[in-house]
Amino acid sequence: MSLPAVGFLIPLGLINAYWFAPPLILVISLVYAASRHEAWPLIFRHATRLFLMITGILALVTIILLVINTQV
C-alpha cells in the first residue's frame with residue numbers, strides 16, 4: 001500500500017489513538033481547574049491532581065481489561 005506524498009506529515013489514521021490521550025487529559029484538567037479557581041497556583045495544583053487521577057484511573061482500567069483479556 002503506497003501512501004500519497006504529503007511531505008513530512010503523517011496521516012492521522014496511522015497514529016495510535018492513545019497518543020492523543022495525554023494532551024487531551026491535560027487540557028481537560030486545566031480547563032476544569034480554571035473553572036473552579038482563579039489563582040494560578042491553585043489552578044496548577046488542582047489540574048495536576050486531576051491529571052494524575054484521570055491517568056491513574058485509565059491505567060487501572062487498562063490493566064484490568066488486559067488481565068481479563070489474557071485469561072479468556
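Residues are numbered from 1 along each chain as its sequence is written, and side-chain values use heavy atoms, leaving out hydrogens and water. In this predicted model, local features need pLDDT of at least 70 and side-chain atom pairs count only at pLDDT 80 or more, while totals for chains, interfaces and linings use all residues.

Ile25, Ser29 and Ala33 of H1 are buried (under 20% relative accessible area with a 1.4 Å probe, protein chains only; exposed means over 50%, and partly exposed lies in between). Viewed down the axis of H1, these buried residues fall within an arc of 55 degrees, so they line one face of the helix (the arc is that of the directions from the helix axis to the C-beta atoms). The face turned away from that buried side carries the exposed residues Leu24 and Val31.

The partner of this buried face is helix H2 (40-71), against which the buried residues of H1 pack. His46 lies in H2 and is buried, with a relative accessible area of 16%. Leaving aside residues up to four places away in sequence, His46 touches Tyr32, Ala33, Arg36 and His37 (contact means heavy atoms within 4.5 Å). Leu65 also lies in H2, but counts as exposed at 51% relative accessibility.

How values were computed: Helices (H or I, at least four residues) and strands (E, at least two) are DSSP runs, numbered from the N terminus.
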